Amino acid sequence: MAASDPVIVCANLQKSFGDLAVLQGIDCQIQRGEVVSIIGSSGCGKSTLLRCFNRLESISGGQLIVNNIDLSKPKLSRRDLLALRANVGMVFQQFNLFPHLSVLENLCLAPVKVLDQSKAESRETARFFLDKVGLSAKADTFPDQLSGGQKQRVAIARALCMKPEVMLFDEPTSALDPELVGEVLQVMQQLAKEGMTMIVVTHEMQFAREVASRVVFLNKGKVEEEGNPREVLTHPKSERLQAFLSRMSSMLAA
Ligand code: ADP
Ligand code: MG
């Protein structure tokens with residue numbers, strides 16, 4: 001795979017649930033090192049798109065290639081699926097940590113199972129990434145003893161332990177108390193600075209403006225508008241994006 005190949009290519013990507021056509025022809029490419037923020041109204045298909053990228057959902061039509069693996073095929077080989085799981089990290093709104101495992105054990109699980117790392121190696125990697133998210137002291141703590149912000153930083157460290165090529169974030173701060181949002185965004189900003197390829201579904205417009213290299217606005221199952229964050233968020237062309245942004249800012253002002 002050439003370093004210049006896009007990490008994700010989708011062309012006319014479609015996804016339906018029964019009669020409900022959620023994604024109706026998404027065209028986009030994500031290049032290495034990009035930080036792309038996906039915005040759009042609730043229910044417009046943002047999570048579904050991310051879930052297609054890591055094959056939590058299979059697609060209904062069109063083309064999708066992720067890290068050179070063709071996800072347009074109805075069935076993937078086990079090898080491709082494992083490669084995909086290793087190379088595409090995902091961080092969810094609800095953290096999804098295993099409550100019965102310590103922080104360190106949460107981080108070591110997938111590297112041992114999927115990457116076949118030794119316990120010692122996985123622990124070393126886990127400690128490295130825990131330190132990176134500022135939680136070295138919490139290695140032996142269980143998830144329910146952590147604040148929401150700490151849980152999400154653990155979830156980010158867990159994804160990083162797989163050394164992914166791209167990280168997907170699905171509203172990573174939406175479940176957090178407002179005062180805990182900053183610590184998570186800060187970790188994400190640091191990752192972006194270090195060159196991680198990131199796709200971030202978020203309602204944090206300030207993060208989108210300051211950290212993203214590109215903003216993609218989804219509407220009715222399609223990319224309605226995209227471009228440089230400052231341009232797109234300050235001078236939106238589409239009326240629907242104008243309406244969306246004014247709803248967002250009135251929510252913030254309320
Ligand atoms: P968003 O993340 O933008 O809020 P989603 O991608 O979660 O939107 O959902 C898009 C639409 O697809 C919604 O109407 C939702 O109800 C529907 N949907 C999502 N997942 C499923 C599923 N597994 N089965 C049926 N409908 C679904
Ligand atoms: Mg969603």
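Biologist: Where is the place of Ala157?
Modeller: This is a predicted model, and in it Ala157 sits in helix 5, which covers residues 148-160.

Biologist: Is Ala157 buried or exposed?
Modeller: Ala157 is buried, because its relative accessible area is 0%.

Biologist: Leaving aside the neighbours within four places in sequence, which residues is Ala157 in contact with?
Modeller: Once neighbours within four places in sequence are set aside, Ala157 is in contact with Leu107, Phe129, Leu130 and Val133.

Biologist: And how many residues apart in sequence are Ala157 and Pro99?
Modeller: Ala157 and Pro99 are separated by 58 residues in sequence, and their C-alpha atoms are 16 Å apart in space.

Biologist: What about Gln152; is that buried or exposed?
Modeller: Gln152 is also a residue of helix 5. Its relative accessibility is 0%, so Gln152 counts as buried.

Biologist: Which residues is Gln152 in contact with, apart from its neighbours within four places in sequence?
Modeller: With those neighbours left out, the contacts of Gln152 are Val91, Phe92, Gln93, Phe95, Pro172 and Val184.

Biologist: Let us turn to helix 3. Which of its residues are buried?
Modeller: Helix 3 runs over residues 103-113, and its buried residues are Val103, Leu104, Asn106, Leu107, Cys108 and Pro111.

Biologist: What do the buried residues of helix 3 pack against?
Modeller: They pack against helix 4 and helix 5.

Biologist: Why would residues three or four places apart in a helix point the same way?
Modeller: An α-helix has 3.6 residues a turn, so residues at a spacing of three or four places point the same way.

Biologist: Now the charges. How many salt bridges are there?
Modeller: The count comes to eight salt bridges. One of them joins the side chains of Glu57 and Lys15, at 3.8 Å from N to O.

Biologist: What parts does the pair of Glu57 and Lys15 tie together?
Modeller: Glu57 is in the loop between helix 1 (46-53) and strand 4 (61-66), whereas Lys15 is in strand 1 (residues 8-17), so the pair ties together parts that are 42 residues apart in sequence.

Biologist: Are Glu57 and Lys15 buried or exposed?
Modeller: Both Glu57 and Lys15 are buried. They also belong to a network of salt bridges that links Lys15, Arg51 and Glu57.

Biologist: Which side chain does Arg214 meet in a salt bridge?
Modeller: Arg214 meets the side chain of Glu34, with 2.8 Å from N to O. Arg214 lies in strand 9 (residues 214-219) and Glu34 in the loop between strand 2 (20-30) and strand 3 (35-39), so this pair ties together parts that are 180 residues apart in sequence. Arg214 and Glu34 are buried.

Biologist: And which side chain does Glu194 meet?
Modeller: The side chain of Glu194 forms a salt bridge with that of Lys132, at 3.0 Å from N to O. Since Glu194 is in the loop between helix 6 (178-193) and strand 8 (197-201) and Lys132 is in helix 4 (residues 119-132), the pair ties together parts that are 62 residues apart in sequence.

Biologist: What is the relative accessible area of Glu194?
Modeller: For Glu194 the relative accessible area is 42%, so the residue is partly exposed. Lys132 is partly exposed as well, with a value of 34%.

Biologist: A change of topic: what is the phi of Lys220?
Modeller: Lys220 has a positive phi of about 50°, although it is not a glycine. Lys220 is in the loop between strand 9 and strand 10 (222-227), and it counts as exposed because its relative accessibility is 60%.

Biologist: And the phi of Lys163?
Modeller: The phi of Lys163 is near 50°, again a positive value in a residue other than glycine. Lys163 lies in the loop between helix 5 and strand 7 (166-170).

Biologist: Finally, how many helices and strands does the protein chain have?
Modeller: The protein chain has nine helices and 10 strands. Of its 254 residues, 52% are buried.

Biologist: What is the radius of gyration of the protein chain?
Modeller: The radius of gyration is 18 Å; a compact globule with 254 residues would have a value near 18 Å, so the two agree.

How values were computed. Residues numbered from 1 in each chain as written. Chains lettered and ligands numbered in written order. Predicted model: local features only at pLDDT ≥ 70, side-chain atom pairs only at ≥ 80, totals over all residues. Heavy atoms only, no water. Salt bridge = Lys/Arg side-chain N within 4 Å of Asp/Glu carboxyl O. Helix = DSSP H or I, 4+ residues; strand = E, 2+ residues; numbered from the N terminus. Buried < 20%, exposed > 50% of the residue type's maximum accessible area, 1.4 Å probe, protein only. Rg over C-alpha atoms; globule rule 2.2 N^0.38 Å. Contact = heavy atoms within 4.5 Å.
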